[in-house]
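Trainee: Could we go through this structure together, one question at a time?

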Amino acid sequence: MTFKNAISWFEIPSQDLNRAQKFYETIFDMQMVPLDTPQIQMLMFPVEDRLGVGGAITFNPDFYTPSSSDGVLIYLNANPDVQIVLDKVEAAGGKILVPKTTISPEYGSMAMFTDTEGNRIAVHSIPPEE
C-alpha cells in the first residue's frame, strides 16, 4: 500500500472547546469550522481539499483526555516558518516546550508546545525551494 499522506485525520482533545478554539485560531490566524456529531463536539481546522489531511479540536470528556506527556504526538503545518506560530503561543495561553529547532536543511524545522488544554503539540515547516 502506498500513502499520499501518512495521516488522514487527527483529533486534539480539549477540556474547554471555546478556549481551545481561541488558542488555535490565534496562533494560526484562521477560523475553525464547527462540526458537531451526536457524541463529540468538534471544530475542524480549515482545509482546501476535503480529501486532504484534516483534523479537529474535540470535546467529549468520556472519550478524550488531554496530555502533555502521553500518547501520540502530532505535528501541525507551520509553513512558511515555525517561528511565526511559535511567537504567538505564549500570548495565546500556551507554553513553549522545544524552541525552533532545525531538523536538517532539506527537512526544515520543528518546535513543540503545550496548548491551553494541556496537550503536547508540535509544529513543522519546510523552507521554500530556491
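The questions below turn to a pair of helices and then to a serine in a loop.

Mentor: Keep in mind that this is a predicted model, in which local features need pLDDT of at least 70, side-chain atom pairs count only at pLDDT 80 or more, and totals for chains, interfaces and linings use all residues. Residues are numbered from 1 along each chain as its sequence is written, and side-chain values use heavy atoms, with hydrogens and water left out.

Trainee: Are helix 1 and helix 2 oblique or parallel to each other, and why?

Mentor: The axes of helix 1 (residues 17-28) and helix 2 (residues 82-89) come within 8 Å and cross at roughly 140 degrees. Angles under 35 degrees count as roughly parallel, over 145 as roughly antiparallel, 65 to 115 as roughly perpendicular and the rest as oblique. The two helices are therefore oblique.

Trainee: Which residues of helix 2 meet helix 1?

Mentor: Contact here means heavy atoms within 4.5 Å. From helix 1, the residues involved are F23, T26, I27 and F28, and their partners in helix 2 are V85, K88 and V89.

Trainee: Is S67 buried or exposed?

Mentor: S67 sits in the loop between strand 4 (54-59) and strand 5 (75-77). Buried means under 20% relative accessible area, exposed over 50%, and partly exposed in between, with a 1.4 Å probe and protein chains only. Because its relative accessibility is 18%, S67 counts as buried.

Trainee: Which backbone nitrogen lies 2.7 Å from a polar atom of the side chain of S67?

Mentor: A polar atom of the S67 side chain lies 3.1 Å from the backbone nitrogen of S69. At 2.7 Å, the backbone nitrogen is that of D70.

Notes:
Axes are lines fitted to C-alpha atoms, for helices over the stretch in contact, and angles run from 0 to 180 degrees between N-to-C directions. Helices (H or I, at least four residues) and strands (E, at least two) are DSSP runs, numbered from the N terminus. A polar contact is a pair of N or O atoms within 3.5 Å; within protein, one must be able to donate a hydrogen and the other to accept it, and residues adjacent in sequence count only if both atoms are side-chain atoms.
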